Amino acid sequence: MALGVLIVAAVVLAVVLTSSGGGGGGGSAAGDELFLQSADSSGPDPYTESSTRKGATATTPSALPSASGTGPSENANIVRGVEGSAPGLYGGTRNVSSCDVEKQIRTLGAEPDKNKAFASVLGLDPSGVPAYLRSLTPVQLRLDTRVTNHGFRDGAATAFQSVLQSGTAVLVNDHGEPRVRCSCGNPLLAPVPLQGSVKRQGKAWPGYKSSNVVVVSPAPQPVNRFVMYDPETEGWFTRTAGTTGGSDRKTTPRTPPGASPSSASTAPSSGTSQSSQPSESSESSQPSESSESSQPPSSEAPGASSAPPSSAETPAPESPASQPAS
């Protein structure tokens, strides 16, 4: 069963690329820089050392060629949206957590300034960080995904726009939105629009296409169980929200009635978008807890091609010269 068919029922018709997103820690940052971050890289100004568990990476990046600024122009603000409850949107290894949550808690707890800056991004009280992290679910991205990433510099949070490679280990909230990047401990929020000609920073990985990048939109209802894909076994399993894999169960996802592999792409606006196909379940699908599917999903984003390009990317140095402080 193709990934495009599985997630189409949760595709939204407009993308949340606004300055909102939860916290006050620099989530409104927009500029002309877009950082491509491979699954195993720490990236600029990490909060912590990696808490990604070894052996849990679904995508192992190969040698990364330098990004080229001579390719066709594209509009980096035209991105497909997928609801966080979409079955097959996330993957991982059954019964294995892709992220060591307790390590993340210990590391932040040992550095109060970082813990405070981390909390400010997500709109938390610093004392509430451990409980918040334990409420999240460790998963791995199955599509290249746009986010607002946050580094830690000079005692404060900085914000920058990123594309995270498929295979990146993240922690997601109960609406399926990525909130922590495990390889660097950085807090994440929804992306915001880029302005002007986009300077792509970092290195593109094999298979990267800007037209396949997605934004995760919050599921309209809290997700009880995420339906995930295990590339090692080519099987499917459910993971209860807020757990780290110990209660994972085999499943067979069902194709939503009338689903077809198509979706719409739109340019961002100043207002928040609305889903045209709200979720009918508090789970990320309606699985039957039985056998595994033998057909692995596609790694490409579903649907039609993006709208005509309007802004070109040009190469730039790999490390951010300046980022907006929170």
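A residue counts as buried when its relative accessible area is under 20%, as exposed when that area is over 50%, and as partly exposed in between (1.4 Å probe, protein chains only). With that in hand, take Y47: its relative accessible area is 0%, so Y47 is buried. What you're looking at is a predicted model, where local features need pLDDT of at least 70, side-chain atom pairs count only at pLDDT 80 or more, and totals for chains, interfaces and linings use all residues. Residues are numbered from 1 along each chain as its sequence is written, and side-chain values use heavy atoms, with hydrogens and water left out.

**Aromatic pairs**

- You'll find 6 aromatic pairs in this structure. To pair up, rings of Phe, Tyr and Trp (its six-membered ring) need centres within 6.5 Å; planes under 30 degrees apart make a stacked pair, over 60 an edge-to-face one, and the rest are tilted.
- One of them joins Y47 and F118, which sit edge-to-face with 6.0 Å between centres and 75° between the planes.
- That pair links distant parts of the chain, 71 residues apart: Y47 is in the loop between β2 (33-37) and β3 (79-83), while F118 is in helix α3 (residues 112-122). Helices (H or I, at least four residues) and strands (E, at least two) are DSSP runs, numbered from the N terminus.
- F118 has 0% relative accessibility, so F118 counts as buried, and Y47 is buried at 0% as well.
- Ring pairs also bring in F152, giving a cluster of Y47, F118 and F152.

**A salt bridge across the chain**

- The structure has 6 salt bridges, each being a side-chain nitrogen of Lys or Arg within 4 Å of a carboxyl oxygen of Asp or Glu.
- One of them joins R153 and D45, whose closest N and O atoms are 2.8 Å apart.
- R153 belongs to strand β6 (residues 145-153) and D45 to the loop between β2 and β3, so this bridge ties together parts that are 108 residues apart in sequence.

**Salt bridges between buried residues**

- R239 and D248 form a salt bridge, with their closest N and O atoms 2.8 Å apart.
- R239 has 1% relative accessibility, so it counts as buried; D248, at 5%, counts as buried too.
- R179 and E177 make another bridge, and here the closest N and O atoms are 3.1 Å apart.
- R179 and E177 are both buried.
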